[in-house]
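Hi,

Here is the structure I promised to pass on to you.

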Amino acid sequence: IYYYTGATNGTILNDTASSTHATGSGVYLGTGAVNNSIYNSTGASVSDRGILLSSYNSVFNSNGSSSSVYGIQAGNGGTISNSMGISNSSQGIAIGGDNTTISNSVGISNSSDGIIISYNSNTTMANSAGISNSSAGIRIESSSRNRISNSSGTSNSSYGIYLYSSSNNTIANSTGTSDSNIGIYLYSSSNYTTIANSTGTSNT
């Protein structure tokens with residue numbers, strides 16, 4: 001299912017879309033397609049995103065999965081709610097735009113981060129979980145003024161919650177857990193970060 005420039009204020013409801021094409025997403029809300037919403041749907045792809053949300057689109061109660069790229073990817077002003085993103089070799093949920101909201105959602109990856117927030121600001125994550133077998137459960141990279149609350153990052157072999165070169169962020173009422181590394185890890189100029197009522201656990 002593809003929405004392009006000029007496709008606005010649409011609804012995708014109770015649908016299933018999958019792609020085996022080399023560059024095909026399951027559900028693709030591209031640049032210029034704004035204010036669209038996905039409900040109770042599934043997007044799956046072998047070689048591209050399961051669900052792609054360009055700026056100012058939303059997904060609710062849906063699943064995105066990919067064998068090789070992001071399960072769900074969102075841009076500026078996007079909303080991911082009560083949804084799950086799963087990827088075998090990239091991030092489960094990837095946020096690459098400002099003013100994005102993730103709530104009651106789960107990102108799972110076998111070989112990359114469960115959830116990544118990168119090169120953005122003012123993203124809010126609440127009541128969500130990032131799970132990874134081999135990378136960070138939740139990663140914030142080169143981003144600022146983001147807030148993680150009542151959420152968890154879990155990793156089998158890397159950091160539970162990992163901030164890299166990211167300042168002025170807040171982690172509240174959250175947990176970072178790692179079976180073999182650090183629970184919550186701030187690195188490389190991750191300054192002015194507030195961690196409140198949170199727990200970092202390492203099982204090593």
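Let me begin with the rings: the count of aromatic pairs comes to 10. The rule takes rings of Phe, Tyr and Trp (its six-membered ring) as a pair if their centres lie within 6.5 Å, with planes under 30 degrees apart called stacked, over 60 edge-to-face and the rest tilted. One of these pairs is Y159 with Y185, which counts as tilted because the ring centres are 4.5 Å apart and the planes stand at 50°. This pair joins distant parts of the chain, 26 residues apart: Y159 sits in the loop between strand 21 (152–155) and strand 22 (161–164), while Y185 belongs to strand 25 (residues 184–187). Strands here are DSSP runs of E with at least two residues, numbered from the N terminus.

Y159 is buried, at 18% relative accessibility, whereas Y185 is partly exposed, with 21%. For the cut-offs, buried means under 20% relative accessible area, exposed over 50%, and partly exposed in between (1.4 Å probe, protein chains only). Ring pairs also tie Y159, Y162, Y164, Y185 and Y187 together as a cluster.

Before going on, a word on the source: this is a predicted model, in which local features need pLDDT of at least 70 and side-chain atom pairs count only at pLDDT 80 or more, while totals for chains, interfaces and linings use all residues. Residues are numbered from 1 along each chain as its sequence is written, and side-chain values use heavy atoms, with hydrogens and water left out.

Nine strands form an open sheet with parallel pairing, in the order 2-5-8-11-14-17-20-23-26; two strands pair if DSSP finds at least two bridges between them. Strand 2 (11–13) and strand 26 (194–196) are at the edges with a single partner strand each, so one side of each has no neighbour in the sheet. Within the sheet, strand 20 (residues 147–149) and strand 23 (residues 170–172) pair in the parallel sense over 3 bridges, and S149 stands opposite A172 in strand 23.

Finally, which residue lies in the loop between strand 7 (51–53) and strand 8 (58–60)? That is N57, and N57 counts as buried because its relative accessibility is 0%. Its contacts (heavy atoms within 4.5 Å), leaving aside neighbours within four places in sequence, are with L29, A33, V34, N35, N36, G77, G78 and T79.

Happy browsing!

Definitions and conventions. Helices (H or I, at least four residues) and strands (E, at least two) are DSSP runs, numbered from the N terminus.
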